[in-house]
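I set out to record what I looked up in this structure, one topic at a time.

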Amino acid sequence: MEIQRLQVLVTEQDLHDLVREHLPEEAAVEELEIRIQPDGVRVKGIYQVFVPVSFEALWELGVQQGCPTARLAKFRTMGMPANVLKSLIMNVVADAAKKAKWLQVKGDTIQADVDGLLKEHGLNVLTRLGAIHCQEGRIIVEGGQ
């Protein structure tokens with residue numbers, strides 16, 4: 001099966017639901033807030049390390065070789081050096097990605113093989129993702145181009 005034209009709308013609620021389903025309990029993130037803005041996906045929360053540490057991250061979305069990507073473009077913390085917490089969070093993401101063959105983490109970038117994910121669910125599809133656009137409150141994913 002080949003996708004000739006595809007447009008998928010992802011909302012902030014969709015992202016909250018995905019995080020709730022896939023975030024490991026040991027991640028210890030509280031007061032999680034996800035906002036989609038034109039420059040990317042902003043994530044705020046409190047990460048429990050030794051003490052609660054507030055953080056804010058900006059994930060820039062894109063497409064590389066037909067696969068959606070999310071690059072951790074900006075990261076700020078209150079109460080701990082940003083690079084220490086950033087490393088902890090990227091390690092949590094990388095550990096979670098190991099459970100899904102269709103996810104890869106390279107440095108500060110997460111790449112998803114949507115075709116591989118669909119194949120795991122019995123759909124042999126070529127999506128040909130071409131672009132991801134962030135707008136206020138929503139992400140538009142375009143494929144089949």
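The entries below concern a predicted model and go from the sheets to single residues.

**Entry 1: the six-stranded sheet**

I began with the strands and how they pair. I noted an open sheet made of six strands, in the order β2-β3-β4-β5-β7-β6, with antiparallel pairing. I then looked for its edges: these are β2, covering 29-37, and β6, covering 103-106, and each of them pairs on one side only. From one strand to the next, the twist averages 20 degrees.

Strand β5 (residues 67-78) and strand β7 (residues 109-112) run antiparallel and are joined by three bridges. For one position I wrote down that T109 in β7 stands opposite R71.

**Entry 2: the three-stranded sheet**

I turned to another open sheet, in which three antiparallel strands follow the order β1-β9-β8. Its edge strands are β1 (6-11) and β8 (129-135), each pairing on one side only. Ignoring direction, I found that neighbouring strands of this sheet are turned against each other by 15 degrees on average.

Here I followed β1 and its partner. Six bridges connect β1 with strand β9 (residues 138-143) in the antiparallel sense. Within this pairing, Q7 stands opposite E142 in β9.

**Entry 3: helix α1**

Which strands does helix α1 lie across? I recorded that α1, residues 12-22, lies across β2 and β3 (40-48) and runs at about 145 degrees to β2. I also recorded that α1 lies across β1 and β9, at about 75 degrees to β1.

**Entry 4: H16**

I selected H16, which is found in helix α1. Is H16 buried or exposed? H16 is buried, because its relative accessible area is 17% and buried means under 20%. Leaving aside residues up to four places away in sequence, I listed L32, E33 and I34 as the residues that H16 touches. For I34 I noted a distance as well: its backbone nitrogen lies 3.5 Å from a polar atom of the H16 side chain.

**Entry 5: the aromatic pair**

How many aromatic pairs does a search of the whole structure find? The search finds one. The pair is formed by F55 and F75, whose ring centres are 6.1 Å apart and whose planes are at 15 degrees to each other.

I then located the two residues along the chain. F55 is in strand β4 (residues 52-64) and F75 is in strand β5, so the pair links distant parts of the chain, 20 residues apart. F55 has a relative accessible area of 8% and is buried. F75 also counts as buried, at 14% relative accessibility.

**Entry 6: R76**

Is R76 buried or exposed? R76 is exposed, because its relative accessible area is 55% and exposed means over 50%. Again leaving aside residues up to four places away in sequence, I found that R76 touches S54, F55 and E56. With E56 there is a polar contact of 2.8 Å between the side chains.

Finally, I checked a separation. R76 and V141 are 65 residues apart along the chain, and their C-alpha atoms are separated by 27 Å.

Key
Residues numbered from 1 in each chain as written. Predicted model: local features only at pLDDT ≥ 70, side-chain atom pairs only at ≥ 80, totals over all residues. Heavy atoms only, no water. Pairing = 2+ DSSP bridges. Helix = DSSP H or I, 4+ residues; strand = E, 2+ residues; numbered from the N terminus. Axes fitted to C-alpha atoms, helices over the stretch in contact; angles between N-to-C directions. Contact = heavy atoms within 4.5 Å. Phe/Tyr/Trp six-rings, centres within 6.5 Å; stacked < 30°, edge-to-face > 60°. Buried < 20%, exposed > 50% of the residue type's maximum accessible area, 1.4 Å probe, protein only. Polar contact = N/O pair within 3.5 Å; in protein donor to acceptor, adjacent residues only side chain to side chain.
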